[in-house]
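Welcome, and thanks for taking a look at this one with us. Please keep the structure open beside the text as you read.

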Amino acid sequence: PAAITTRLLDLYRIGPGPSSSHTVGPMRAARRFRNACMERGVVPARVRVELKGSLSATGRGHGTHGAVLGGLLGWRPHTCDVDALHSLPEAGTLEPASRSPWCAVHADDVIFLPYRAYRGEVLPHPNTLVCTAFDETDTIVFQQTWCSVGGGFVREIDTPGREAATDDVAAPRYPYSDGDSLVDAANAAGLAIGDLVLANEVAWDGTPERIGAGLDRVWDAMQACIQRGLAGRGALPGGLGLKRRAGDMMRRVADGAFGTGYEHIAQAQAYAFAVNEENAAGGRVVTAPTNGAAGIVPAVLSEAAQRLSLDRNAVHRALATAGAFGSLIKTHASLSGAEVGCQGEVGSATAMAAAALCEILGGSPDDVEYAAEIGMEHNLGLTCDPLKGLVQAPCIERNAMGVAKAWSAAQLALHAGGEHLISFDRVIQVMKRTGDDMRREYKETGEGGLAVAVNLPEC
């Protein structure tokens, strides 16, 4: 099998909420379509973007309309003005920047296609965008089909199996293709998994300073998101009336309401609430590995960093360890709730956080692999079923539960005596197969699970 070459700074993307698949990915895809037109000298009279699959089913609640408009205007997820993004109109015309060789963008040309409009069509991915450029006679002059494949990654269908427009990278210093070979490589080199991953990043990039600066930006964005979330007040947007709870939870932790022995988990759960409430409000978050599951990794690592006084290098190693397992899941299964359910989001984030925490606490590479396996195993079958297509309920609480599961997984792995029955690789195969077998209603369509439970009669 080919060596894993997913870069940490591709896995950890900084961008606006509430969804990496429905906001960050579509913005990147629309911007790449715009750039492809310009590279070909195509100056369209108008453009149209048709949203299919989960992008259509839950895209309104996930901010997909504004994300696509932002991409067509040339905005980038990590630098765009979040307030301006969420203020883009549902209708009307948006003029391009001055001197830009691009057309005006009509908000009503971003179309949520109902399922009946493409029933029987085999989509290349459950999150599909069809981007079309027209000339003055309404003739198609250029068209691309893009897939938002999870975690903000996008793929144009002519380049199956890899991130679109990703440059080839040099061979890693310590190649690995799955969980077993990752552990073997770390043991053979006498390195912790985080150090091995960072060595590969340096081999690809050649400048440790750039890698460190990039991970600093990721960590700073995570910390800023936690602080904004803790300071947030009032109800979240979207109509559910869900009130922000992170700040109150943190005050209760500080007051000792959770007692001794559990307070560190409660504090991390308050951090997870903070991140995911900020995400639900459309704020700037870090995909870890997705927006919908963005709270677990920063919550677990931030609490551990404070309690254990972790230095900058230790934080970088923890992010690298978590990223290694996120990259394995992305390669061999999926990070997309629309493709495999929430096991690919909260399950993946739980596995990543468990692995990183286990290594922080002194676990060997074998222990770390086991922690990741436990974290994923006990999220198998988790459905993606947000109420009203909003990344709020059950998503926010699921992140807090993922924190507790990650902590438990790390502890179980550390005290298992070095043996376990099921490998991380095997559980990822099972996760992918479970997602394939899952009915589409339970994969971010808003048509099954808790998304419709509110309409069912009480037992």
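Two strands are treated as paired if DSSP finds at least two bridges between them. With that in hand, in S6 the bridge partner of Gly-53 is Asn-127, and 8 bridges join S2 to S6. Please bear in mind that this is a predicted model. The points below go through the sheet, then the nonpolar cores, then the rings.

**The sheet and its order**

- Five strands, in the order S5-S2-S6-S7-S8, make up an open sheet with mixed pairing.
- At the edges sit strand S5 (110–112) and strand S8 (153–156), each of which pairs on one side only.
- Direction ignored, neighbouring strands of this sheet are turned against each other by 25° on average.
- Helix H5 (residues 64–72) packs on the sheet and touches strand S2 (46–53), S5 and strand S6 (127–134). The direction of H5 makes about 145° with that of S2.

**Strand by strand**

- S2 and S5 run parallel and are joined by 3 bridges. Here Val-49 has Val-110, in S5, as its bridge partner.
- On the S6 side, S2 runs antiparallel to its partner.
- S2 is largely enclosed by the rest of the structure, because 6 of its 8 residues are buried.
- S6 and S7 run antiparallel, with 7 bridges between them. Cys-131 stands opposite Gln-144 in S7.
- Strand S7 (residues 140–150) pairs with S8 in the antiparallel sense over 4 bridges. Cys-147 has Arg-155, in S8, as its bridge partner.
- S7 is mostly covered too, with 8 of its 11 residues buried.

**The two hairpins**

- The hairpin of S6 and S7 has 5 residues between the strands, and Asp-138 takes a positive phi near 65° there.
- S7 and S8 also form a hairpin, with 2 residues between them. In that turn, Gly-151 has a positive phi of about 70°.

**Nonpolar cores**

- Which residues have the most contacts inside the largest nonpolar core? They are Tyr-12, Leu-319, Phe-325, Ile-329 and Phe-424, in a core of 91 residues.
- Helix H15 (residues 346–360) gives the most to this core, contributing 10 residues.
- Apart from this core lies another, of 32 residues, and Ala-29, Val-47, Ala-107 and Val-154 are among them.
- As background, nonpolar side chains tend to be buried together in soluble globular proteins.
- Leaving out residues up to four places away in sequence, Phe-424 touches Gly-179, Phe-325, Leu-328, Ile-329, Ala-351, Glu-369, Ala-372 and Glu-373.

**Aromatic pairs**

- The count of aromatic pairs comes to 4.
- Tyr-115 and Tyr-118 form an edge-to-face pair, at 5.6 Å centre to centre and with 85° between the planes.
- Is Tyr-118 buried or exposed? Tyr-118 is buried, because its relative accessible area is 6% and the cut-off for buried is under 20%.
- Tyr-115, in contrast, counts as partly exposed, at 33% relative accessibility.
- Phe-325 and Phe-424 have ring centres 5.1 Å apart and planes at 90°, so this pair is edge-to-face.
- What does the pair of Phe-325 and Phe-424 tie together? Phe-325 lies in helix H13 (residues 312–332) and Phe-424 in helix H18 (residues 424–437), so the pair ties together parts that are 99 residues apart in sequence.

**Charges over rings**

- Arg-13 lies over the face of Phe-153, at 4.7 Å from the ring centre.
- Arg-46 lies over the face of Phe-134, at 4.3 Å from the ring centre.

Definitions and conventions. Residues are numbered from 1 along each chain as its sequence is written. This is a predicted model: local features need pLDDT of at least 70, side-chain atom pairs count only at pLDDT 80 or more; totals for chains, interfaces and linings use all residues. Side-chain values use heavy atoms; hydrogens and water are left out. A nonpolar core is a set of buried Ala, Val, Leu, Ile, Met, Phe, Trp, Tyr and Cys residues joined through side-chain atoms within 4.5 Å. Buried means under 20% relative accessible area, exposed over 50%, partly exposed in between (1.4 Å probe, protein chains only). Contact means heavy atoms within 4.5 Å. Rings of Phe, Tyr and Trp (its six-membered ring) pair if their centres lie within 6.5 Å; planes under 30 degrees apart count as stacked, over 60 as edge-to-face and the rest as tilted. A charge sits over a ring if NZ of Lys or CZ of Arg is within 6 Å of the ring centre and within 35 degrees of the ring normal. Axes are lines fitted to C-alpha atoms, for helices over the stretch in contact, and angles run from 0 to 180 degrees between N-to-C directions.
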